[in-house]
Structure formats: C-alpha cells, structure tokens
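Keep the structure in view as you read.

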Amino acid sequence: MVYIDLVFLLNFVIDGGLLYVTAWVRGIRPRKWRLAAAAAIGACYAAMMLFPPVSFLFTFAIKIALSLLMLWTAFGFGGLQTFARHVAAFYGVNFAAAGAVLGGYYLLQSSSELWSGLWFTRSGGMGLELNLGLLLLAVLLAAGLLIYRSVLSARRRREQIGQHVVWVTVYIDDKECKCKGLVDTGNHLYDPLTRIPVMVMEATLWREELPASWLERIRESEVDRLVSGLGEESGVWQDRLRLVPYRGINRGTQFMLALKPDRVRIEQEGRIIETHRVLIGLDGGKLSADDVYQAIIHPSLMSESNESSSHDG
C-alpha cells in the first residue's frame with residue numbers, strides 16, 4: 001500500500017535538498033519560501049504519478065518544463081544566461097546524485113544478485129542486462145561529473161571575484177544609489193582634461209532620475225548625440241554631465257556619458273572610503289551576467305589617501 005502523503009513528503013525533502021545544493025553551487029541565497037514552493041511543485045508532480053488518469057503528464061517534455069518551473073520558482077529568471085546556468089547546475093547536481101544512488105545500489109548488491117541479472121540465449125550468447133546497467137551508471141556518472149565540474153569552476157570564479165566586490169553608495173543632490181562594485185585593477189579610465197578617475201555604473205540604476213530618452217541613447221552608444229541635443233529637452237543634472245572618451249574593443253574611440261556626484265562612499269571589510277573626486281560613467285548594458293556587481297570601481301579610489309580623508313571629514 002502506497003501512502004500519498006509519504007510520497008509527497010519524501011519527494012519534497014529530496015527536491016528541496018537538490019535545489020539547496022544547486023543554490024550553493026551557484027553561490028546564491030534564495031528565500032526559504034521560494035525553495036519550499038519549488039520543492040512542493042516537484043512533490044505534487046511525483047504524487048500525481050499514483051493517479052493513472054493523468055499519466056499523459058509524465059512525458060519527457062512535461063518533465064523538462066516542470067524542472068524549469070521549479071527553478072524559476074526557486075531562483076527567479078534573472079536573464080537568459082543566468083537562468084541557463086541555473087539549469088546546468090540543477091541538472092549537474094541531479095546527475096551526480098543519480099550516479100551516486102546507482103553506484104551505491106551496485107556496491108551493496110551481492111555477487112549472486114549481480115549474476116542473476118545475466119541471461120543466456122539458446123545459441124549460448126550472454127544477455128546485456130547487467131552491462132546496460134553498468135553503462136547507464138557510467139554515463140550518468142560521467143555526465144554528472146562534467147556538468148558538476150563546470151558549475152563548480154564557475155562558483156570558484158564567483159568566489160574569486162567576490163573577494164574584490166565592495167559596497168558603493170553614490171550621492172547626488174538628495175538622491176543616493178547603493179550597489180555592489182568590483183574593484184578592477186585593469187580600469188584606468190580617467191577624464192583626460194581633469195585626470196579625475198571614472199567609476200562605471202549600470203545606467204539602469206538611475207532610471208528613476210534620468211529621462212527615458214537618455215537611457216535609450218546610452219544603450220545605443222549615442223551619447224554624443226544626447227549631449228548635442230540637450231537644449232531641446234529638459235532633464236535633471238544637465239550641469240553634472242560629462243563626456244569621457246575611451247577606446248572600445250576594435251571600435252576605435254567612443255564616448256561615455258558621466259555624472260559628477262557630490263560624493264562616493266565605499267565600504268570594504270570595515271574600511272570606509274569617501275571621495276568627491278570621481279566621475280560616474282554610465283554603461284547601457286549589464287556589467288555582470290550574474291548580477292554579482294553593478295559597478296566597476298577605479299583602483300585609485302581605494303587608496304589610503306581617500307580613506308584618511310574620509311575619517312578627517
């Protein structure tokens with residue numbers, strides 16, 4: 001006799017554990033209620049297997065769609081690339097777990113049980129029931145290992161990047177914007193006239209303050225046309241705008257729209273650094289595919305002189 005509540009509870013725990021390990025591999029901290037909701041979806045699906053009238057739901061396509069629904073419920077979408085990485089990590093964890101279960105199954109079987117899986121044909125040939133089982137085990141282990149190694153290496157890269165991620169707050173008039181920023185030693189962008197360092201931020205962080213037409217120009221890399229047409233449309237902070245030239249990859253010299261803030265505050269492991277000698281360059285795309293950071297900090301802003309000046313002021 002099969003109890004539906006036990007089937008639901010068992011699958012709820014298993015699915016919740018797989019989703020939790022997936023979150024750990026991806027280096028994210030989802031809300032507990034989202035994990036519970038996603039695990040409940042998987043558990044309900046497993047419980048439905050006890051009802052023959054709905055057997056049409058157990059096709060390969062439905063199972064794939066259900067796994068995507070579970071991942072969307074647990075972690076959200078966050079962009080196509082981010083979601084694809086969630087999917088790869090989830091299936092890697094599942095394959096590794098399935099391989100471990102099969103490996104334990106064959107390990108715990110006795111030799112007589114293994115040989116009972118063999119059968120012989122009339123011509124004396126040996127059947128492949130055991131070999132097919134071992135082949136399936138090998139394929140699952142290999143696939144799980146490859147996917148798991150790839151997502152684990154991605155997690156290591158995230159951890160390495162995380163060591164250089166700080167909190168940064170930008171103050172302009174009565175507005176402030178706080179986000180995570182990556183201290184990039186390869187960022188040598190300066191305003192050529194004043195030699196003020198340029199910190200890059202995603203322009204969408206200022207979407208409440210900047211006109212939609214400005215954001216569109218920034219996305220289309222047409223900031224020079226934006227500046228030339230400033231007299232035709234009103235907008236806040238026009239007196240704070242700067243054009244900073246930079247050299248793009250294989251695209252020659254381009255221009256980045258920058259804002260002059262009142263001050264910038266950087267927090268890193270107990271250190272507090274404040275400076276007003278900085279420009280905020282606005283980037284029209286996403287600086288990090290996984291949203292690990294939304295700004296790129298100029299390394300000169302982390303100098304001891306900026307830190308001491310913040311304590312003095």
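A salt bridge is a side-chain nitrogen of Lys or Arg within 4 Å of a carboxyl oxygen of Asp or Glu. Arg265 and Glu274 meet this rule, with N to O at 2.8 Å. The model is a predicted one. By the salt-bridge rule, the count comes to seven.

**Charged pairs**

Side chains of opposite charge can pair when their charged atoms come close.

| Salt bridge | N to O distance |
|---|---|
| Arg265 and Glu274 | 2.8 Å |
| Arg265 and Glu267 | 3.5 Å |
| Lys178 and Glu267 | 4.0 Å |

What does the pair Lys178 and Glu267 tie together? Lys178 lies in strand E2 (residues 175-183) and Glu267 in strand E6 (residues 263-268), so the bridge links parts that are 89 residues apart in sequence.

Are these residues buried or exposed? Lys178 is partly exposed, with a relative accessible area of 47%. Glu267 is partly exposed too, at 28%. Arg265 has 22% and is also partly exposed. Glu274 counts as partly exposed because its relative accessibility is 21%, and buried would mean under 20%. Shared partners join Lys178, Arg263, Arg265, Glu267 and Glu274 into one network of salt bridges.

**The whole protein**

The protein has nine helices and nine strands. It has 313 residues, and 38% of them count as buried. Take the contacts with a separation of 6 or more: residues 24 or more positions apart account for 64% of them. The accessible surface comes to about 18,600 Å². Carbon and sulfur atoms hold 61% of that surface.

**Helix H1**

Helix H1 covers residues 4-26. After H1 comes Gly27, with a positive phi near 70°.

An α-helix has 3.6 residues a turn, so residues three or four places apart point the same way. The buried residues of H1 include Asp15, Leu18, Leu19, Thr22 and Arg26.

Leu19 sits in helix H1. Its relative accessibility is 0%, so Leu19 counts as buried. What does Leu19 touch, leaving out residues up to four places away in sequence? Its partners include Leu35, Ala38, Met70, Leu71 and Phe90. Leu19 and Val93 are 74 residues apart along the chain, yet their C-alpha atoms are separated by 8.7 Å.

**Nonpolar cores**

The largest nonpolar core has 31 residues. Met199, Met201, Trp206, Ile266, Leu282 and Ile297 have the most contacts inside this core. Strand E1 (residues 165-172) gives the largest share, four residues. A second, separate core has 19 residues, including Leu18, Ala23, Leu35 and Ala38.

Now take Met201. Beyond its neighbours within four places in sequence, Met201 is in contact with residues including Val170, Cys177, Cys179, Trp206, Leu282 and Ala295.

Where does Phe77 lie? Phe77 is in the loop between helix H3 (60-75) and helix H4 (80-108). Phe77 counts as partly exposed because its relative accessibility is 40%.

Notes:
Residues numbered from 1 in each chain as written. Predicted model: local features only at pLDDT ≥ 70, side-chain atom pairs only at ≥ 80, totals over all residues. Heavy atoms only, no water. Helix = DSSP H or I, 4+ residues; strand = E, 2+ residues; numbered from the N terminus. Expected span 1.5 Å × (residues − 1). Buried < 20%, exposed > 50% of the residue type's maximum accessible area, 1.4 Å probe, protein only. Core = buried A, V, L, I, M, F, W, Y, C linked by side-chain atoms within 4.5 Å. Contact = heavy atoms within 4.5 Å. Areas by Shrake-Rupley, 256 points an atom, 1.4 Å probe, with all protein chains shown as cover.
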